[in-house]
Amino acid sequence: MSNESIYGQGIVSGKVSGPAFFVESSSASLKGRQLSQSEISLELKRFMSAIERAIDELMRFAVLLDVEGRIDELQLVESHVELLKDPFGLQKLVLEGISEKKKSVEAALKWSLAHLKKKFRFVQDRLLSERFSDIEDVIQRVLEQLKPLSEKESSLVPKGAILVADQISFSQALLVSNSVAAFVAFHGSAFSHTAILARARSIPYVVQIDPRQIKQGHNPTLFVDGEAGLILVNPTATRLKKAFAVQKAVREQAFELKDDSLHIMANIEHPADIQAAKDEGIQEIGLLRTEYLFSHQATESEQVKALSQCNPTGFFRIIVRALDMSMEKFPHLYRGKRGLQFLLHDPAFLRVHFGAICKAFPQGCSILLPFVSDAEEFHRAQMIFKDVRAEFQAPFQLGAMIETPKAVLEIEEIVQLADFISIGSSDLIQYALGIDRATTRLSACGALHPGVLELIKVVLSVTQKMCKPCILCGELAADEAVVPIFVRLGLRNISIPPKRTKEVRALLKRIHDEINREKLLQLREKTREEQTLFVRARS
Amino acid sequence: MDQTKEGLPVLKAHMRVKNRMGLHARPATHIVKMLHGKKSQVYFSYRENRVDAKSVLGLLLLGAPRHATIFVEVSGPDAEQTLELIQNAFETGLGDSTL
């Protein structure tokens with residue numbers, strides 16, 4: 001098995017290659033047994049001493065982290081120490097398990113874990129419920145103390161190896177973070193402590209990869225691209241070289257532009273628009289509106305057929321927006337939900353829809369989820385997408401369309417999950433200012449509203465900070481008054497109806513002339529200052 | 001005013017979680033550390049849960065997200081001082097930089 005590409009979800013970006021190191025999940029050690037009365041006090045002692053050793057181990061890490069000034073990680077370690085010390089928490093549960101239920105320490109820990117897992121199910125907030133991993137981590141740490149092996153194992157990880165496991169706990173990650181090159185796991189999320197640690201130490205981290213897929217090769221060498229979520233198993237030298245170099249070039253070509261130009265992509269509603277885009281010299285589709293091609297009643301083959309007509313050759317990036325049903329567009333089909341909510345309402349349809357897009361664009365494409373209102377929703381759709389995508393080899397990306405102020409409030413969480421962001425400016429203005437689109441022209445009244453500018457500014461700055469592409473769509477993308485402001489704030493991609501290309505190109509030329517004139521003026525000013533200083537110095 | 005079995009008054013207040021990520025591990029640790037050595041009993045309630053605020057696990061199980069309003073009950077010889085301390089901590093983000 002060589003040269004195999006496996007796609008997962010990239011959590012921390014960076015590219016590395018190295019030998020794989022597999023870590024076995026230690027759930028096997030949880031085999032418990034019933035205790036006799038005389039054994040109970042012995043087990044109680046065993047548990048308390050394991051707790052003490054676990055705390056001791058964490059305190060030693062804390063000292064190291066403190067010396068290195070890693071405050072964020074230090075605080076996490078401290079929270080784990082408090083969880084272990086807490087007499088009314090885990091300790092109470094486990095002691096009860098040993099003395100009343102007559103379980104061994106291992107069994108009592110397993111019982112506590114299951115008990116707490118049930119309780120955490122009632123925590124509704126997703127960010128908080130994911131914190132169950134803290135509890136799992138702490139219990140894991142105590143279990144490791146009960147085994148004769150613990151830190152010894154971590155010293156076996158060779159420097160530069162890529163750690164592959166079912167799940168990488170924070171304590172495991174911490175132990176090996178100075179020596180490993182990347183983390184690859186099946187379970188894990190962008191919000192976990194392991195992810196925070198990996199980000200802090202710039203360790204590429206990819207999840208949703210089944211270790212068994214990699215294990216097929218004997219001691220394989222891996223290439224990990226934490227941004228694309230790509231793993232190559234035993235890549236050939238040529239493939240490796242290409243993976244390090246070429247992909248970056250493609251990405252730069254697509255999204256990172258020269259200072260002097262703004263990237264123009266086309267909005268496509270009908271196959272005929274593609275010719276219009278080609279005529280204007282545009283070779284990218286920034287927004288393919290599928291809702292004009294078919295409805296949610298279309299079968300997979302109908303969808304594939306309609307979409308295939310919008311897959312022109314020679315285009316190097318195509319962004320397909322998943323079906324965006326709304327009352328304005330389809331009053332007769334409206335079910336009280338719109339955008340992503342509408343799609344999630346019928347997961348079976350969403351699955352068929354994702355499959356149709358992947359089939360219609362066999363070379364790969366980017367899929368944009370419409371009207372995303374929070375990270376949780378996006379995450380749910382992403383899970384379905386991962387499942388569908390697994391059957392296809394080509395690279396597919398999943399992005400979020402930001403169209404409501406609510407989404408802007410959660411933008412950091414959404415950007416972390418999404419591969420790219422698209423701003424649907426028309427809806428954003430409408431919902432931010434409470435305007436009736438049927439009666440008012442949006443760009444005239446809303447575009448320059450400070451609230452709207454601020455919302456878009458937030459999205460631009462977060463996407464820049466997290467190195468994710470951001471595309472402006474909708475009315476604002478061709479607005480003479482606001483585009484110059486966004487270009488100065490770092491906007492580099494817009495998607496517009498092809499027929500407005502000439503007008504927008506002229507606008508961009510004016511913006512760049514203006515920026516250049518300003519630069520020239522600054523330069524002149526500087527030269528004048530220098531001349532004055534020079535003259536003064538001589539006299 | 002409610003009283004404990006020992007006849008001490010129970011001080012009550014509502015407080016709002018300002019932290020971006022809610023009452024997660026770090027803020028919970030901050031509260032527990034802050035309450036170390038305090039003689040008063042402190043309970044937090046959110047929705048149907050009521051937990052001992054001196055337990056990190058309890059606080060995590062509260063599942064209080066950002067903007068949640070927590071009902072705080074403090075009783076004991078240093079109740080007033082403890083309540084003030086908790087109030088300040090909530091105001092300043094519970095030692096968390098992610099406000």
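This is a predicted model: local features need pLDDT of at least 70, side-chain atom pairs count only at pLDDT 80 or more; totals for chains, interfaces and linings use all residues.
Axes here are lines fitted to C-alpha atoms, for helices over the stretch in contact, and angles run from 0 to 180 degrees between N-to-C directions. Helices (H or I, at least four residues) and strands (E, at least two) are DSSP runs, numbered from the N terminus. The crossing of helix 3 of chain A with helix 4 of chain A is right-handed (a crossing is left-handed if the near helix is turned anticlockwise from the far one by less than a right angle, and right-handed if clockwise). On the side of helix 3 of chain A, the contact is made by Leu90(A), Leu93(A), Val94(A), Gly97(A) and Ile98(A); helix 4 of chain A supplies Val105(A), Ala108(A), Leu109(A), Trp111(A), Ser112(A) and His115(A). Two residues are in contact if their C-beta atoms, placed from the backbone, lie within 7 Å. By class, this contact has 8 nonpolar, 3 polar and no charged residues (Ala, Val, Leu, Ile, Met, Phe, Trp, Tyr, Cys and Pro count as nonpolar, Asp, Glu, Lys and Arg as charged, and the others, Gly among them, as polar).

Residues are numbered from 1 along each chain as its sequence is written, and chains are lettered from A and ligands numbered from 1 in the order in which they are written. Local features need pLDDT of at least 70 and side-chain atom pairs count only at pLDDT 80 or more, while totals for chains, interfaces and linings use all residues.

Ala50(A), Ile51(A), Arg53(A) and Ala54(A) of helix 1 of chain A meet Arg141(A), Val142(A), Gln145(A) and Leu146(A) of helix 6 of chain A. The classes in this contact are 5 nonpolar, 1 polar and 2 charged residues.

Chain A also holds an open sheet of 8 strands in the order 1-8-7-3-4-5-6-2, with mixed pairing. Two strands pair if DSSP finds at least two bridges between them. Strand 1 (4–7) and strand 2 (9–12) of chain A stand at the edges, each with a single partner strand, so one side of each has no neighbour in the sheet. On average, neighbouring strands of this sheet are turned by 30° against each other, direction ignored. Strand 3 (residues 15–23) and strand 4 (residues 162–167) of chain A run parallel and are joined by 4 bridges; Val23(A) has Ala165(A) in strand 4 of chain A as its bridge partner. Helix 9 (residues 193–200) of chain A packs on the sheet and touches strand 2, strand 5 (182–187) and strand 6 (205–207) of chain A. The direction of helix 9 makes about 60° with that of strand 2 of chain A.

In chain B, 4 strands form an open sheet in the order 1-4-2-3, and the pairing is antiparallel. Strand 1 (10–16) and strand 3 (49–52) of chain B are at the edges, each with a single partner strand, so one side of each is left without a neighbour in the sheet. Strand 1 of chain B pairs with strand 4 (residues 69–75) of chain B over 7 bridges, and Ala13(B) stands opposite Val72(B). Strand 2 of chain B pairs with strand 4 of chain B over 5 bridges, where Ser45(B) has Phe71(B) as its bridge partner. Strand 2 and strand 3 of chain B form a hairpin with 2 residues between them; Arg47(B) in the turn has a positive phi of about 50°. Helix 3 (residues 79–91) of chain B lies across strand 1, strand 2 (41–46) and strand 4 of chain B, at about 0° to strand 1 of chain B.

Between the chains, 19 residues of chain A are in contact with 19 residues of chain B. Helix 2 (71–85) of chain A gives the largest share of the side of chain A that touches chain B, 6 residues.
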